[in-house]
Amino acid sequence: MADESALDIAKRAWDYWVAADLDGFLSLWDEDGVWTNGGSSQISGPRQGHAAIAAVAQTVFEVSGGTFKAHPVELAAV
């Protein structure tokens, strides 16, 4: 994984998310990583650490009844 670019890791994270593979998704985050969602809803704001990130991901899937679909706007290497 050391040879992967940030874009490669983002693509893998996306694949895990779409597959609803929370363990795989979390495996790409540092233990103290921060995931921030924009907007003003119950999933908005920063979440730090695996437990908090997992909780917001579970909320997304529970609230949507498993129908949540997300589409990346853009993934680009910088």
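Let me start with a definition: a residue is buried when its relative accessible area is under 20%, exposed when over 50%, and partly exposed in between, using a 1.4 Å probe and protein chains only. By that rule D23 is exposed, at 62% relative accessibility. D23 sits in helix 2.

Now the ground rules. This is a predicted model, where local features need pLDDT of at least 70, side-chain atom pairs count only at pLDDT 80 or more, and totals for chains, interfaces and linings use all residues. Residues are numbered from 1 along each chain as its sequence is written, and side-chain values use heavy atoms, with hydrogens and water left out.

The overall picture, then. The protein chain has three helices and two strands. Helices here are DSSP runs of H or I with at least four residues, strands are runs of E with at least two, and both are numbered from the N terminus. Read from the N terminus, the order is α-α-β-β-α. The chain has 78 residues, and 26% of them count as buried. Its accessible surface is about 5400 Å², with 54% belonging to carbon and sulfur atoms. Those areas come from the Shrake-Rupley method with a 1.4 Å probe; for residues, only the protein chains shown count as cover.

Next, contacts. A contact means heavy atoms within 4.5 Å. Take the contacts between residues at least 6 apart in sequence: 31% of them join residues at least 24 apart.

On to helix 1. It has 13 residues. From first C-alpha to last it reaches 18 Å, close to the 18 Å expected at 1.5 Å a residue. The expected span is 1.5 Å times one less than the number of residues. Which residues of helix 1 are buried? They are L7, A13 and W17. They cover an arc of only 115° around the axis, so they sit on the same side of helix 1. The arc is taken over the directions from the helix axis to the C-beta atoms. What do the buried residues of helix 1 pack against? Helix 2, strand 1 and helix 3.

After helix 1 comes A20. A20 lies in the loop between helix 1 and helix 2. Its phi is positive, about 55°, although A20 is not a glycine. Why point that out? Most residues other than glycine have a negative phi. A20 is also exposed, with a relative accessible area of 53%.

Now helix 3, residues 50-63. Its 14 residues should span 20 Å at 1.5 Å a residue, and its end C-alpha atoms are 20 Å apart, which agrees. Buried here are I53, A54, V56, A57 and V60. Seen down the axis, they fall within an arc of 165°, so they line one face of helix 3. The face turned away from that buried side carries the exposed residues A51, E62 and V63. The buried residues of helix 3 pack against helix 1 (6-18), helix 2 (22-27), strand 1 (34-37) and strand 2 (45-48). Helix 3 is followed by G65, with a positive phi near 65°.

That leads to the core. A nonpolar core is a set of buried Ala, Val, Leu, Ile, Met, Phe, Trp, Tyr and Cys residues joined through side-chain atoms within 4.5 Å. The largest one has 11 residues, among them A13, W17, F25, W35 and I53. Which element gives the largest share of this core? Helix 3, with five residues. Not counting residues up to four places away in sequence, F25 touches A13, Y16, W17, W35 and I53.

D23 and H50 are 27 residues apart along the chain, and their C-alpha atoms are separated by 9.7 Å. A70 lies in the segment after helix 3. A70 and W14 are 56 residues apart in sequence, yet 9.5 Å apart in space, C-alpha to C-alpha. Leaving aside neighbours within four places in sequence, A70 is in contact with W14 and W17. A70 is partly exposed, at 25% relative accessible area.

Last, charges. How many salt bridges does the structure hold? One. A salt bridge needs a side-chain nitrogen of Lys or Arg within 4 Å of a carboxyl oxygen of Asp or Glu. Here E4 pairs with R12, and the closest N and O atoms are 2.6 Å apart. E4 is partly exposed, at 25%. R12 is partly exposed as well, at 26%.
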